Amino acid sequence: MKYLGIAAIGAVIGFFLSIPFGNMLLSSVSRKMYLGSDSSAAVGILCSLAVVLVILAFCWRCTRKIKKLSPIDAVRSGQTGERFKKKGLLRLGKSKLGATGFLALNDVFSSPKQFGVMTVIFTVCLLLVMCLANTGNTLASRKLLPLMCSTDSDIYITDTDMIMEVMTGETTVTEQCDKIEKKLTDNGLPCSVHAEGLVSPAVEFKGNKLSPTFLYCKDTKASDYSYSEGYAPKYSNEIALTSSVAEKLEAGIGDKVNITINEKTDEYIVTALFQSMVKLGETGRFHESLKIPDSAVSQVMGFQIDFDDSPDEEEIKSRISRVKDIFDTKYVDDTDGFVMSCIGEGVKDTINGVKVFVLLIIVIIVIMISVLMERSFISKEKPEIALMKAMGFKSRSVRRQHTLRFLISAAIAAVLAILLSTPVTRLCIDPIFGIMGAIDGVEYNIKPVEVFAVYPVIIAAATVLGGHTSQPCT
Amino acid sequence: MSNNRILEVKDLCKTYIINKRQNNVLRNVSFSIDKGEMVAVMGPSGSGKSTLLYTVSGMDKMTAGDVKFCGKSLSEQSENSLAEMRLDDMGFIFQQMYMMKNLSIIDNITLPAVKSTRKKESRKEILRRGQDLMHKLGISEICENDINEVSGGQLQRACICRSMINDPQMIFADEPTGALNRTSSDEVMEELTKLNSEGTTIMLVTHDSKVAAKCSRVLYIVDGNIRGSII
């Protein structure tokens, strides 16, 4: 009854807090899309009920132990004298640790269930934050550039007005690139400019019809891009398709598909498969030597600028400001910024916001668990604490021993989380990237200092803080 | 205070406040113990025997009076220096045979020696001393046992070993045979008497006259006051 009450109150509070939190998360993405109404309230209520039921199920399972307790246990404090294996794992005589360190380590290894549960909780908490961090860092990194079907350039211009001039037919891709190139060269920034054109032809194979978006750039080579299977198109009648397009067409490498561009149908051989997050993975690529009229290019990804003098990163950053002034636009980025603009500005900010929020919640949870566990330890170990003081251990030694135990658990959790962070990130986040088109997964941008040092230190500090602040009675 | 005197207690008072009422457990208790003595404190239940033991050993704070241990006034010592005195100069034996549950018998015995910084000893040397003590008290065979795998008498003898590991000036024992059967009680008292004959000063609290009979002096306490001393 006690835990039913606690779980019910928690579920109600959590349900009502989830409404503004969910709205906050959706607000950043709903600016650019229409979202239909759904039964999120019903789902929220169901989830709250499920949480209460799970908690009750665990409580019921734990209270089964009450049946096993007998009156004699009160007299012997649960000890019957029977044991089938040694309790302590470490030996003081063989250890090089001081008394406090040894006692802390020995306690952790002698009570694996107790400290194991805590370690598992800390590991899961860390993994949650690490997954979010890896996702957020990847979404804003150049490691996703191959999935944007673009080559690496110094600067990218993604000004909507300039792109619209091409889309409306006011100018062609080639003319726009030439204009930009000339303007930059006249302003002392000699460079070459190219753009990935998007073409939407009709594709047919064995009766299966589709209209994927094909990428085409006469200023780059098809071999400059990455492919997951086969070889890059070498001739004008060769193409590459994404796996999802190939699947829908029921075509594979070596098959000849019919593509209609400007009412002219030709056969093209599929030579490679690749991954793409452009148009949710429904894309293909033409060879650069194929003659595609500018009128067939419906859109460009952005205008890619490669400076003749190959500047370093510092110089590129300063040139970005200059280019912004030259074209009077704020939509000029380096590679990381270009990837972010393709993914969506709000997505990375949302994920980072969620990451910070989750980290805060986790820190609170870790502190609360540490406080509860330490109070429980102190209550159970009062005779031992008193004995240590009677033997001559100072209060600070006892506190240090208790704090060290938590630190050891946090350290083990950190090591486990570090080892598991990449596989768990792949497990959880690859399906999400798969929906966006990267069905073979992505190369995650893992920032080692942030993920392997900062977050474990934060969790360890929270653990120590929680354990330490609940020790006044030692 | 003579050089031979190890413990000097003068007008010791200890008061507890329970439910806003003052309870004077010890009233102006004065006595002294010389080196090498084995002193028993006897008295009826609730007379203040254990309170006296814990107060004169610094485990509990006195309300008034003065206690000098090896010439040092306990009331002038900080918590940390009292802890150091308990570690290096005192040994304690309790009725309940408290031991660290995650340590083996030998580790429990050697733990105070590992903690102490007075002697610069290696772990091997500490271990050897612990084993020697266990051999002396006839419990070598339970060296690597867990605390739940031994009898009460063996456990209490292990507690004696632990109290001796740092060669203390004095041992304080609170009803050391209180939880033991007659055979184990006799064994434990035999060991304590042997230790005393080798020069260790012992102050013990007991309600067992047979135990008190083995001591060189018995202090009889009633209602917080020493009523008599039998040599």
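Leaving aside neighbours within four places in sequence, V39(B) is in contact with I33(B), M203(B), C215(B), R217(B) and L219(B). The model is predicted. V39(B) also belongs to the largest nonpolar core, which has 88 residues. V39(B) is among the residues with the most contacts inside that core. A second, separate core has 87 residues. Its members include V332(A), F406(A), V442(A) and V451(A).

Chain A has 474 residues, of which 35% count as buried. Its secondary structure comes to 15 helices and twelve strands. Contacts across the sequence were also examined. Among those in chain A between residues at least 6 apart, 80% join residues at least 24 apart.

Two helix pairs of chain A were examined. In one pair, helix α6 (residues 112–139) of chain A packs against helix α15 (residues 448–469) of chain A. The angle is about 145 degrees, and the axes are 10 Å apart. The crossing of α6(A) and α15(A) is right-handed. On the α6(A) side, the contact is made by F122(A), C125(A), L126(A), V129(A), M130(A), A133(A) and N134(A). On the α15(A) side, E450(A), V451(A), Y455(A), P456(A), I459(A) and T463(A) take part. These residues divide into ten nonpolar, two polar and one charged. V451(A) of this contact is also included in the second core.

The other pair joins helix α11 (residues 335–343) of chain A and helix α12 (residues 345–380) of chain A. Their axes come within 5 Å and cross at roughly 95 degrees. The helices α11(A) and α12(A) are therefore roughly perpendicular to each other. From α11(A), the contact uses M340(A), S341(A) and I343(A). From α12(A), it uses E345(A), V347(A) and K348(A). Three of the residues in this contact are nonpolar, one is polar and two are charged.

Chain A also touches chain B. Here 22 residues of chain A are in contact with 26 residues of chain B. On the chain A side, the elements that give two or more residues are α5 (99–110) and α13 (382–391) of chain A. The largest share, five residues, comes from α13(A). By class, the side of chain A that touches chain B has seven nonpolar, eight polar and seven charged residues.

Key:
Residues are numbered from 1 along each chain as its sequence is written. Chains are lettered from A and ligands numbered from 1 in the order in which they are written. This is a predicted model: local features need pLDDT of at least 70, side-chain atom pairs count only at pLDDT 80 or more; totals for chains, interfaces and linings use all residues. Axes are lines fitted to C-alpha atoms, for helices over the stretch in contact, and angles run from 0 to 180 degrees between N-to-C directions. Helices (H or I, at least four residues) and strands (E, at least two) are DSSP runs, numbered from the N terminus. Angles under 35 degrees count as roughly parallel, over 145 as roughly antiparallel, 65 to 115 as roughly perpendicular and the rest as oblique. Two residues are in contact if their C-beta atoms, placed from the backbone, lie within 7 Å. Ala, Val, Leu, Ile, Met, Phe, Trp, Tyr, Cys and Pro count as nonpolar, Asp, Glu, Lys and Arg as charged, and the others, Gly among them, as polar. A crossing is left-handed if the near helix is turned anticlockwise from the far one by less than a right angle, and right-handed if clockwise. A residue is buried if 20 or more other C-beta atoms lie within 10 Å of its own, exposed if 12 or fewer, and partly exposed in between; C-beta atoms are placed from the backbone. A nonpolar core is a set of buried Ala, Val, Leu, Ile, Met, Phe, Trp, Tyr and Cys residues joined through C-beta atoms within 7 Å.
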